[in-house]
2 protein chains.
Amino acid sequence: MPKWEDNLRQVTPYVPGAQPQSKNVIKLNTNENPYPPSPKVVKAIQEMDLETAMRKYPDPTSGDLVHALENYHGLDEGQIFVGTGSDDVLSIAFLTFFNSDRPIIFPDVTYSFYPVWAQVYGIPYREIPLDESFRILPEDYGWIDPENRASAIDEGGDIPENGGVVIANPNAPTGISLKRGYVEQIIAANPDVIVIVDEAYIDYSRESVLPLLHDYDNLVIVRTFSKSRAMAGMRIGYAMSSPRLIRAMNDVAQSINSYTMSATTLKAGVASIEDDEYFRARIEDVRKTRARTIVELKKRFFNVLPSSTNFVFASPSRVKCETLFEELCARNIFVRHFNGERIRDYLRITIGTDREMDALFAAIDEIQG
Amino acid sequence: MPKWEDNLRQVTPYVPGAQPQSKNVIKLNTNENPYPPSPKVVKAIQEMDLETAMRKYPDPTSGDLVHALENYHGLDEGQIFVGTGSDDVLSIAFLTFFNSDRPIIFPDVTYSFYPVWAQVYGIPYREIPLDESFRILPEDYGWIDPENRASAIDEGGDIPENGGVVIANPNAPTGISLKRGYVEQIIAANPDVIVIVDEAYIDYSRESVLPLLHDYDNLVIVRTFSKSRAMAGMRIGYAMSSPRLIRAMNDVAQSINSYTMSATTLKAGVASIEDDEYFRARIEDVRKTRARTIVELKKRFFNVLPSSTNFVFASPSRVKCETLFEELCARNIFVRHFNGERIRDYLRITIGTDREMDALFAAIDEIQG
């Protein structure tokens, strides 16, 4: 074995959902939007001066997109960081904020990329179990109810000192959303470390923690264009925080790659922000189909968790989960199945068009007999 | 000061060349191509099914682009890694290959991003001085001339045990190219560590180390689409190596971001590879203008280093370097000046169109009086 083998970084990569290249597939496995982005986004790309835009380096500050997002969210200059998808943004956030010997903490059932980033960057971590209903309990992240301080202290000793907190809200793959007040308890209970709230699915939910940015200097919110903005193919994610923390992220990002966002990606991102009416209408479409999907799955004897996202997490009771997964695959319907101990009886099913969901229901009927 | 300040990663970011947004500028400061990419590249973007491409995640394996590059270079499957510019590729390579306590080594005058990656990832490094003519000497990287072994051993003790080697060939910002045989000496002298050869400018040079891939299992070659392929705005770089090392890079990359390459970037990259005739013709155009530029600068009493790149590294003798830099800026002509001790009397001047270079020469005449 060559000696350089010893110097290779040891990792266990994240495995994304399959991306079958066939057209003849109903793809409900990676939480893509069933609707395209605004026609104005497509037009913006087709009409741009591509010769010049390709030849030259893009703006390393991604200024147009950053300013569009600042305006859209009513933030001050310096409060937005952009990257190539929220995975890039989260990765930079881990590298920037989690440099301590104490473990960062996140739920045991959540976005399975968190432990992968921790591993690749050598960050210790500890997984905090969700409760039996797959809920995040602020008490498990250091929150002590003032009404109940005595009993909390009696129970004490189990809350680890941590090097940071990561909460996906709504959580994935459960789809369950925590109300703002509860996320605030987690942020307030951890003032000495950075708390990342991953809001990848927030547009399908109700309560962002965005209004809390004024009150907490340890809060970083991460969003993506890949779900509600129907731009998974263009690779845009962003973080919102104080100018101090955004500057720290930019310093790290600029120590890795001066220009991550392509000219076409920047153009498409700005165009998406500009067509808010289209954006909100498509979110409504997905919400309606989601409501109907939950009803239809329950009719078919599924246990369906409450969903604040563009997917449902549902467990069939009439047929084994793996069987259903494989039988759907065989019918060219792709959903997502995870092997984790607590969730292996569930399927994560992306909300598609009504027609795609009808095909899913028909297939389930056929399989369940 | 909040306690989380202690956990922020300490970095000194790379500072890229200025990207003035004004149109009225002659931009010779970031080694962009003065010619646009092939018209077929622009057409490929304009004619693609953008609605679907945007909505869905791109192929996480970047298969089309990877296979196009494998074919183009006559490589086997698994020998190409792609990323968002060669900066991304180099960053992943540093993170993948340089995990040892020994310092990695690279020249003192070279791409100034190398020490930045080393710092951000906590990799020790040592800079090896170029000789007085700005040349890389293989002896300084552990090579011992067999004809001269006795004297080499007598001198010994100064070659550090290293954790890896990075060589830019041609080197930047000097523009000087090392012949393949000399780079091979460096690769051969360091069999226990990975040697990265950064060939960002190789298309303007003569001798790639690509033919050496068969013979050395420790060689990783990095290329970019940002210079000769006129696609800085699209963010494409790639590495060529053995399937073993490419797999190691992919494992690390997939532990950071499953999808870095946007759908438009992948499409543009493939289209560029397909139009080889256009590509080679534009390289010839730049070479011709480079030859003329060297003659014209020498006429104006510049010391010009031999260039195997799309820029020249040149030192004025009739006027102070900083003065010339500032006077050119004042005339809306941007070139690059670095503050390093050994190179502060030089300007790095990108080869533009003949017309842009004529404007540069006229401005120099005016400034030198």
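Helices are DSSP runs of H or I with at least four residues, numbered from the N terminus. In this predicted model, helix α4 of chain A spans residues 86–97 and includes A:Thr96. The relative accessibility of A:Thr96 is 0%, below the 20% limit, so the residue counts as buried. Apart from residues up to four places away in sequence, A:Thr96 touches A:Ala248, A:Met249 and A:Val252 in chain A, and B:Asn7, B:Leu8 and B:Arg9 in chain B. A polar atom of the A:Thr96 side chain lies 2.6 Å from the backbone oxygen of A:Ile92. A:Val25 is 71 residues away from A:Thr96 along the chain, and the C-alpha atoms of the two residues are separated by 40 Å.

The interface between the two chains was examined next. Contacts involve 86 residues of chain A and 86 residues of chain B. About 7,100 Å² is buried between chain A and chain B, with 57% of this area on carbon and sulfur atoms. On the side of chain A, the residues that lose the most area to chain B are A:Trp4, A:Met54 and A:Tyr57, which together account for 12% of what that side buries.

Polar contacts link 41 residue pairs between chain A and chain B, counting pairs in which both residues are at pLDDT 80 or more. Four salt bridges are found across the interface of chain A and chain B. A salt bridge joins the side chains of A:Glu5 and B:Arg244, with an N to O distance of 2.8 Å. Several helices of chain A each supply at least two residues to the side that touches chain B, namely α1 (39–47), α2 (50–55), α4, α5 (114–120), α8 (243–253) and α9 (263–274). The largest share of that side of chain A comes from α4(A), with six residues.

Chain B contains an open sheet of seven strands with mixed pairing, in the order β2-β8-β7-β6-β5-β3-β4. Strands β2 (80–83) and β4 (125–128) of chain B each have a single partner strand and stand at the edges, so one side of each is without a neighbour in the sheet. From one strand to the next, the twist averages 20°. Within the sheet, β7 (residues 219–224) and β8 (residues 237–240) of chain B run antiparallel and are joined by four bridges. B:Thr224 has B:Gly237, in β8(B), as its bridge partner.

Two helices of chain B that pack on this sheet are described here. Helix α3 (residues 63–73) of chain B touches β2, β7 and β8 of chain B, and its direction makes about 130° with that of β2(B). Helix α7 (residues 180–188) of chain B touches β5 (164–168), β6 (195–198) and β7 of chain B, at about 155° to the direction of β6(B).

Conventions: Residues are numbered from 1 along each chain as its sequence is written. Chains are lettered from A and ligands numbered from 1 in the order in which they are written. This is a predicted model: local features need pLDDT of at least 70, side-chain atom pairs count only at pLDDT 80 or more; totals for chains, interfaces and linings use all residues. Side-chain values use heavy atoms; hydrogens and water are left out. Two strands pair if DSSP finds at least two bridges between them. Axes are lines fitted to C-alpha atoms, for helices over the stretch in contact, and angles run from 0 to 180 degrees between N-to-C directions. Contact means heavy atoms within 4.5 Å. Buried means under 20% relative accessible area, exposed over 50%, partly exposed in between (1.4 Å probe, protein chains only). A polar contact is a pair of N or O atoms within 3.5 Å; within protein, one must be able to donate a hydrogen and the other to accept it, and residues adjacent in sequence count only if both atoms are side-chain atoms. Buried area is the accessible area (1.4 Å probe) that two parts lose on being put together, summed over both.
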